[in-house]
Amino acid sequence: MKFSRMKKQVDLIISDITELVTMHSKAPRQRRGPDAMNSLGIIHHGAVAVHKDRIVSVGSTDDILKSYSSRKIIEAEGKTVTPGLIDAHTHPVFMGDRSDEFELKIMGATYQQIAAAGGGIKSTVRKVRQATKEELKTNAVKYLARFIRCGTTTIEAKSGYGLTTDDEIKMLEAIKELNSGAFGAINSERPEMVSTFLGAHEIPDEYKDNKAGYVDLIIREMIPLVAKRKLAEFCDVFCEKNVFEIEDSRRVLKAAKEHGLGIKLHADEFAPLGGAELAVELGAVSADHLMAISDNGIKMMAAQKNKTIAVLLPGTTFMLGLKSYAPARRMIDAGLAVALATDFNPGTSFTESLPMIMTIACVKMKMTPAEALTAVTINAACAINRENSIGSLEPGKQADMVIWDSPSYKHIPYHFGVNLVDKVIKRGKVIK
């Protein structure tokens, strides 16, 4: 007598996927070898089995349906499935907007001129200081919903619009509370947030003639309190000329490391100050912006043993109307691991759409669609120390996926200005 093998019961199967992009390989992805940024691990007519919040199996539809059964099956013929997108650089907690500055930029004002006149980051700081934590949370919810609708399932979320101890703590508490549902569980209807303390975002007006005093405040009061209360995983610094220069940034980031925080940098955005080199020196998880990175910075980042991810933010360059984008092509060809992010903020990049960022990266920075997709999935996961749990579709990883209403991943940046998201699965739950 022959006995048929019993199928394993799972909670969800996505079957008949025209193009299943697994991103299954070593991370982070770089230029050379089988793990290059153009290698996506595509399975045609693929399927994914999910149980609870984890991926159980990935393979062909025939193989998955032979081994697993589920009361819930989503047929995805004619569609593409990718890992949930990951936005490794955002500023989602703020009040108001800066649409008036948008007009000024169109008329020729520079970012620096607007900041010198009291606009820019300082304008948002004034509004955040006046707001309650509940008002900050209420304002952020609508933006978080838009991230999800655009296919983003995880974001890195920065403070940096408070610039006092109390107001920075208020922002970080808002992020923590927005990230949690009942009993402290992750709220699956919003992107999961990884929190970053950015007290060194700007020098507040009350310290305009005493930058050293503000740096001391960050080091002696803010960082110890943030670390003690476990309000952030990372510490970031806006390392830029006339803001926090190299030695200021080094002091802040060393103090953060001593208190157990990972470190990141806004680096070399407007001038080749040496932020990329500092990121390598200190072992930063990421160096972000890099529009003005030096040749030596590229060389050092390419040669490093512990990889600092280059997080590029072309939406900011686009919105500022600048001509020079980060040299993504040179970086990738040199062997750097590149990620992309929106830099979502109320002033210089007011977008929650990573697909739009992918389009800009392809057109303006000459990244291929495959490189751009790698840059918002597995490489972005590396930029927030999450590559072991998200960023690719592999057994054991978190079941974060996007079903796209298109037959190929290439359509995500190619068919721009529209939302191709059909469904989002976050921790195994279908939320759109």
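What is the relative accessible area of R427, and how exposed does that make the residue?

Analyst: Keep in mind that this model is predicted. R427 has a relative accessible area of 24%.

Start with the place of R427 in the chain. The residue sits in the loop between β17 (421-426) and β18 (429-430). R427 is not a glycine, yet its phi is positive, about 50 degrees. Most residues other than glycine have a negative phi.

Now turn to the charges. Side chains of opposite charge can pair when their charged atoms come close. R427 takes part in such pairing. It belongs to a network of salt bridges that also links D53, R54, E192, D400 and K426. In total, the structure has 28 salt bridges.

Begin with K423 and D422, whose side chains meet in a salt bridge at 3.2 Å, N to O. K423 is partly exposed because its relative accessibility is 26%. D422 is partly exposed too, because its relative accessible area is 25%.

The next pair is D205 and K122. Their side chains form a salt bridge, again at 3.2 Å from N to O. D205 lies in the loop between β10 (192-200) and α7 (211-228), while K122 lies in helix α4 (residues 121-130), so the bridge ties together parts that are 83 residues apart in sequence. D205 counts as partly exposed, because its relative accessibility is 41%.

R386 has 22% relative accessibility, so it counts as partly exposed. E233 has a relative accessible area of 30%, so E233 is partly exposed as well.

V376 lies in the loop between α14 (369-375) and α15. V376 counts as buried because its relative accessibility is 0%. V376 and A212 are 164 residues apart in sequence, and their C-alpha atoms are 37 Å apart in space.

The surface has a nonpolar side too. F102, I106 and M107 form a nonpolar patch there. F102 lies in helix α2 (residues 99-106). F102 counts as partly exposed, because its relative accessibility is 39%.

Next comes the empty space. Rolling a probe the size of a water molecule over the atoms shows where empty space is left. The largest pocket holds about 400 Å³ of space. Its lining has 17 residues, and A115, E202, K241, N242 and V243 lie nearest the centre. By class, this lining has 9 nonpolar, 2 polar and 6 charged residues. Helices α3 (111-116) and α4 each supply at least two of the lining residues. The largest share, 4 residues, comes from α3.

A cavity is a different case, because a probe fits there but cannot get out. The search of the whole structure finds 1 cavity of 30 Å³ or more. The volume of the largest cavity is about 140 Å³. It is lined by 15 residues, and Y111, I121, H201, D343 and T348 are the closest to its centre. This lining divides into 5 nonpolar, 7 polar and 3 charged residues.

Back to the part you asked about.

Conventions. Residues numbered from 1 in each chain as written. Predicted model: local features only at pLDDT ≥ 70, side-chain atom pairs only at ≥ 80, totals over all residues. Heavy atoms only, no water. Patch = residues over 30% accessible without salt bridge, like charges linked within 9 Å, V, L, I, M, F, W, Y side chains within 5 Å. Areas by Shrake-Rupley, 256 points an atom, 1.4 Å probe, with all protein chains shown as cover. Salt bridge = Lys/Arg side-chain N within 4 Å of Asp/Glu carboxyl O. Buried < 20%, exposed > 50% of the residue type's maximum accessible area, 1.4 Å probe, protein only. 1 Å grid on protein atoms, 1.4 Å probe; cavity = no way out; pocket = protein on both sides within 12 Å on 5 of 7 lines; lining within 4 Å. Points joined across faces, edges and corners; volume = space filled by probe spheres on them. Nonpolar A, V, L, I, M, F, W, Y, C, P; charged D, E, K, R; others polar.
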